[in-house]
Amino acid sequence: MAPILGAMLLLVMALTACSKDRGKVVFTTGFEEDELFRIGEISCTMPEYMIYLTNMQNKYEEAFGEEIWEITFENATLEDNVKDNVLAKIARMKSVYLLAQQKEITLSEQEDKLLQEAAKKYFSSLSEVEVEALGITQEVVLQLYRENALADKVYRQIIAEVNPEISDDEARTVTIEQILLRTGMEDASGNWITYSEEMKAEALNRINFVREQAVGGEQSFTELAGKYSEEEIISVSVKKGELDAALETVVFSLQTDEISEVIETSQGYYLLKCISTFDKAQTDANKLVLIEQRKNEAFSTEYDAFVESKARKLNEKLWQKIELNQTPGVNTKSFFEVYEEC
C-alpha cells in the first residue's frame with residue numbers, strides 16, 4: 001500500500017513550511033483534556049501527535065546524534081521547527097481524511113486487514129515504557145493508519161484524473177553559453193543599485209563589440225565569455241520556467257550554434273549562444289517532473305478549497321507544554337516504515 005506519508009511527503013513539505021500553517025489555526029479554549037487541535041469534525045489527541053513527534057525525533061537522533069537539537073534556525077530552535085512541522089503534517093493528513101469522508105471513499109476489507117496487521121506489528125514493537133510514555137493503544141495506531149490510508153486514496157483518486165499532455169518543446173532542456181555585462185549591482189543591504197546612463201551605455205557598447213567578435217569568429221564564444229562576462233557560470237542547461245521572460249523567449253527560439261542579439265534585462269545585457277536545442281533523455285525526465293507538478297497542483301487546488309471551509313482550532317495551552325520525549329528507553333522510530341510496508 002503506497003502511503004500518503006511517502007507519496008505526499010514532498011507536497012506536504014512544500015505546502016506546510018515549519019511555522020506558517022500555524023498562522024491559519026484559530027487559538028481557542030473548550031477542548032478535552034488531551035485534545036490538541038480540531039479541524040472541522042475531527043480532532044488530534046496528544047497520543048496521536050506524540051507518535052509522530054517521537055518517531056521523528058528518534059530518526060533525527062539516529063542520523064545526527066542527540067546534539068542536533070542544539071541547532072537554531074532563524075531565531076528558532078530545531079526542536080520548535082520539528083514540532084511545528086509535525087503539527088502541520090498531521091493536520092494536513094487529518095484534513096485529507098475529512099475530504100475522503102466527504103467523497104465517501106472507504107477501505108476495502110483487504111486494505112483494512114493489512115492496516116490491522118501493521119498496527120499490531122508496530123504496537124507489539126513497543127516496550128511497556130514506550131507505551132506508557134506515549135500514552136497510546138493499538139487502536140490509536142490503527143486509527144492513524146486508517147486515516148493515512150484513506151487520505152492516500154483521496155490523493156490518488158484526484159491525481160488519477162490528471163493526464164497532462166506534455167510536448168517535447170514544453171519539456172525540453174536547452175544548453176547555452178552566456179555572456180553578461182551588468183547594468184547595476186547590489187549594495188550591502190541587498191538593494192539593487194542601477195548604474196548611471198553613461199555606465200549603461202558603456203556596457204552596451206562593450207557587449208555589441210563582443211557580439212561582433214563572436215559572430216565574426218575572431219575568438220570562440222567560450223573564450224569571449226571567459227574574458228568579458230560578469231557571470232561566473234558560462235554554460236548552463238535550462239528548461240522553460242527557469243528564466244525571466246525576455247531571456248526565455250530568445251533561448252527557446254535559437255538554433256544550435258546560433259548567437260543571439262543583445263538582450264536587455266533588469267540585471268544587464270546578455271549575449272547567448274545555443275549549444276544544444278534538444279536532449280532526449282533530459283526531456284523525458286523533465287516530462288515526468290512536469291506531470292508530477294501538474295498532479296500536485298490539481299490536488300492542492302481541491303485540497304485548499306476544501307480546507308478553507310473548515311474551522312481550525314489549536315489548544316494553545318496544551319501546545320505550549322509539548323516537549324521532545326526525554327524518557328529513557330523510548331527509542332521507537334518505525335511507525336512510518338511499518339505503515340509503508342503494509
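## Conventions

Axes are lines fitted to C-alpha atoms, for helices over the stretch in contact, and angles between N-to-C directions run from 0 to 180 degrees. Helices (H or I, at least four residues) and strands (E, at least two) are DSSP runs numbered from the N terminus.

The model is predicted: local features need pLDDT of at least 70 and side-chain atom pairs count only at pLDDT 80 or more, while totals for chains, interfaces and linings use all residues. Residues are numbered from 1 along each chain as its sequence is written, and side-chain values use heavy atoms, with hydrogens and water left out.

## Overall chain

The chain has 14 helices and 12 strands. Its C-alpha trace spans about 80 × 45 × 40 Å along the principal axes. The radius of gyration, taken over C-alpha atoms, is 27 Å, whereas a compact globule of 342 residues would have a value near 20 Å. The globule rule is 2.2 Å times the number of residues to the power 0.38.

Of the 342 residues in the chain, 44% are buried, that is, under 20% relative accessible area with a 1.4 Å probe and protein chains only. Contact means heavy atoms within 4.5 Å. Among contacts with a separation of 6 or more, 77% are between residues 24 or more positions apart.

## Packing of α4 and α7

Helix α4 (residues 78–102) packs against helix α7 (residues 138–160) at an angle of about 65 degrees, and their axes are 8 Å apart. The two helices are therefore roughly perpendicular, a class that covers 65 to 115 degrees; under 35 counts as roughly parallel, over 145 as roughly antiparallel and the rest as oblique. The crossing of α4 and α7 is left-handed, meaning that the near helix is turned anticlockwise from the far one by less than a right angle.

From α4, Ile90, Met93, Lys94, Val96, Tyr97, Leu99 and Ala100 take part; from α7, they meet Gln143, Leu144, Glu147, Asn148, Leu150, Ala151, Val154 and Ile158. By class, this contact has 11 nonpolar, two polar and two charged residues. Ala, Val, Leu, Ile, Met, Phe, Trp, Tyr, Cys and Pro count as nonpolar, Asp, Glu, Lys and Arg as charged, and the others, Gly among them, as polar.

## Positive phi values

Most residues other than glycine have a negative phi. Glutamate 104, in the loop between α4 and α5 (109–124), has a positive phi near 60 degrees. Its relative accessible area is 68%, so glutamate 104 is exposed; the cut-off for exposed is over 50%, with partly exposed between that and buried.

Aspartate 257 also is not a glycine and has a positive phi of about 75 degrees. Aspartate 257 lies in the loop between α11 (245–251) and β10 (263–264), and counts as exposed at 53% relative accessibility.
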